[in-house]
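Subject: Structure for you to look at, with notes

Dear colleague,

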Amino acid sequence: MENVKAVPAALQTKRIKINFPLNLRKLFKQSIVLVLLALVWEFAPLTGFADPAFLPPFTDVIQALWNLILSGELFHHFAASMVRSLSGFALALVIAIPLGLTIGWYPLARELLNPVMELFRNTAALALLPVFMLILGIGETSKIAIVLFACTWPILLNTIAAVGNVDPLLIKSARSMNISSFKLFVKVILPASVPTIFTGIRMAGTGAILVLIAAEMVGAKEGLGYLITYSQYNFEIPEMFAGILTIALLGLIINQGLSMMERKLSKWKQQVNG
Amino acid sequence: MPANEKIRFENVAKSFIVRDPKQKGATQSFTAVKDLSFTVKEGEFITLVGPSGCGKSTLLDLISGLSSPSSGRICMDGKEITGPGLDRGIVFQQYALFPWKTARGNIEFGLEAKGIPKHERKELAEHFLSLVGLSAFANRYPHELSGGMKQRVAIARSLAFNPDVLLMDEPFAALDAQTRETLQSELLRIWQKTKKTIIFITHGIDEAVYLGERVVVLTPGPGTVKKIVDIPLKHRLEDADIRSHPEFVKARHEVWNLLHELEYQGAYI
Ligand SMILES: Nc1ncnc2c1ncn2[C@@H]1O[C@H](COP(=O)(O)OP(=O)(O)OP(=O)(O)O)[C@@H](O)[C@H]1O
Ligand SMILES: [Mg+2]
């Protein structure tokens, strides 16, 4: 009995011994350059290498960020941006995925709509911003609409491609079992398409933030984009950098979150370098 | 219809519309198989050999009902085949497993198509996994299995929904010699146990002779039956060295001759 108990315990210590330094090393590798960058940022203005008026020391920026958090101002702008980007993003999901599945499933629809989609996909969303503002005003609608527009294309095109690229052999194999077209769609086409669709979703997630910030910089009274331009006009440079840092972090979090979901949903796909 | 007849080919031909290389935009008809007439007996293990491109896979698509003949007809149990059905199970050369489903999930797919209730599906899947010796791998995804294992899962999947006829298109072609031999004898064992009619396509003469009670030799495209060779081997599984048995050697030689005769003729056409 004692022996049986002793073995797993021994294994456990061994595993911890191997893993712990490995994790530390990974953390070190991932953060060392970032830390160095922050140090350069901190000391460049202090040593006169950069003009402190335009590039305040890193700690000043962190201080400004902290103040913005304490005053609730940051959260206010952050929430405004989140509501806009999430609404536009969610609307794009609801519209583009079903539409893409339909277009992908019917070759005729694909042929008819391909030229239009090619045209729109190659139109930079920001180039259309003035049009959106003309038609929808400078309120929330135009901002959500531009996010919706920017998110729609990657999701739509990836969904269409996903449905079109399902391995014909799998379709053949399923059809040989005499299943209905509806079942074929739900049980084969859809699951086979998930990874490619999700790549589109991840691209849209990154695009959503980018486009929104730009839109907020042009015409808005709140939001992270507004915070940045407003601070710049009032020469509150540390606050401006605090806003930029927040956006960078937000983009990172969104991308990481979507990547994680993508990996989870595509775990059946062979990992090329896994 | 004779009592023990399972599948009958009556003057089956299949042609495809292909682009005409001489005229831009024009099409022409290409005959893949023609004048196919033969019957497969109930419970028989029949193998089809023929050179690459002679229309073997085309023929299998026709039997499975995934495509229909341009002329002639194929009957199963006296009724013309008009579409796919679960009375026929197919094992493709490239496995064709659903990569997002585990080994068990793949087997359950066919059972679900048949409308078998959920709790029975799991049990049946487990049974057929053990039949092909993969009980321990039920929860693996296809990309986590070796080629031979994938092909076993594919065989188990086709057997699980209990078809009358098993159609196999060069299922062991991509495997190494050792795995192939193992799976060949496993397939024979399964055949003896389940009494299914098996139509097995191959381009391996050895494989055709070892597995088939009869070997159908096809001509190069357009494919048609050149000759059907009876293989009077009795104890394929019991005799470890059946491949050097005089009957085996004789049969293999005959099939070899038939195939090479065709090649020789082909060179002069
Ligand atoms: N959908 C199609 N359209 C046009 N031609 C086709 C089509 N399918 C098959 N063919 C042609 O029919 C012929 C027979 O093809 P098939 O795939 O049946 O050959 P096969 O005997 O299975 O060959 P292999 O041993 O290489 O698998 C080939 O010449 C092929 O080019
Ligand atoms: Mg073939």
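Predicted model: local features only at pLDDT ≥ 70, side-chain atom pairs only at ≥ 80, totals over all residues.

I began with the interface between the two chains. The contact draws on 22 residues of chain B and on 19 residues of chain A, and the area that chain B and chain A bury between them is about 2000 Å², with 70% of it on carbon and sulfur atoms. Two salt bridges cross the interface of chain B and chain A, and one of the salt bridges in the model pairs the side chain of D61(B) with that of K172(A), at 3.2 Å from N to O. Between chain B and chain A there are also five residue pairs in polar contact, counted where both residues have pLDDT 80 or more. On the side of chain B that touches chain A, the elements that give two or more residues are β6 (88-91) and α2 (103-113) of chain B, and the largest share, four residues, comes from α2(B). Sorted by class, the residues on this side of chain B are 14 nonpolar, four polar and four charged.

Within chain B, the domain assignment gives domain 1, which covers 5-87 + 165-268, and domain 2, which covers 97-162. The centres of domain 1 of chain B and domain 2 of chain B, taken over C-alpha atoms, are 26 Å apart. Where the two meet, twelve residues of domain 1 of chain B are in contact with 14 residues of domain 2 of chain B, and the area buried between these domains is about 1200 Å², of which 76% comes from carbon and sulfur atoms. The interface of domain 1 of chain B and domain 2 of chain B holds one salt bridge; E186(B) and R152(B) form a salt bridge in which the closest N and O atoms are 3.8 Å apart. Two residue pairs in polar contact, both residues at pLDDT 80 or more, are found across the interface of domain 1 of chain B and domain 2 of chain B. For the side of domain 1 of chain B that touches domain 2 of chain B, β7 (165-169) and α5 (177-194) of chain B each supply at least two residues, and α5(B) gives the most, with five residues. By class, that side of domain 1 of chain B has eight nonpolar, one polar and three charged residues.

Turning to the ligand site, the residues that surround ligand 1 include F16(B), V18(B), F30(B) and A32(B), together with G53(B), C54(B), K56(B) and T58(B). A polar backbone atom of G55(B) is 2.9 Å from an oxygen atom of ligand 1.

Lastly, a search of the whole structure gives 21 salt bridges over all chains. Among them is the pair of E262(A) and R202(A), whose closest N and O atoms are 2.5 Å apart. E262(A) sits in helix α10 (residues 237-265) of chain A and R202(A) in helix α8 (residues 181-218) of chain A, so this pair ties together parts that are 60 residues apart in sequence.

With best regards

Definitions and conventions. Residues numbered from 1 in each chain as written. Chains lettered and ligands numbered in written order. Heavy atoms only, no water. Contact = heavy atoms within 4.5 Å. Buried area = accessible area lost by both parts, 1.4 Å probe. Salt bridge = Lys/Arg side-chain N within 4 Å of Asp/Glu carboxyl O. Polar contact = N/O pair within 3.5 Å; in protein donor to acceptor, adjacent residues only side chain to side chain. Nonpolar A, V, L, I, M, F, W, Y, C, P; charged D, E, K, R; others polar. Domains from an automatic or database assignment. Near = heavy atom within 4 Å.
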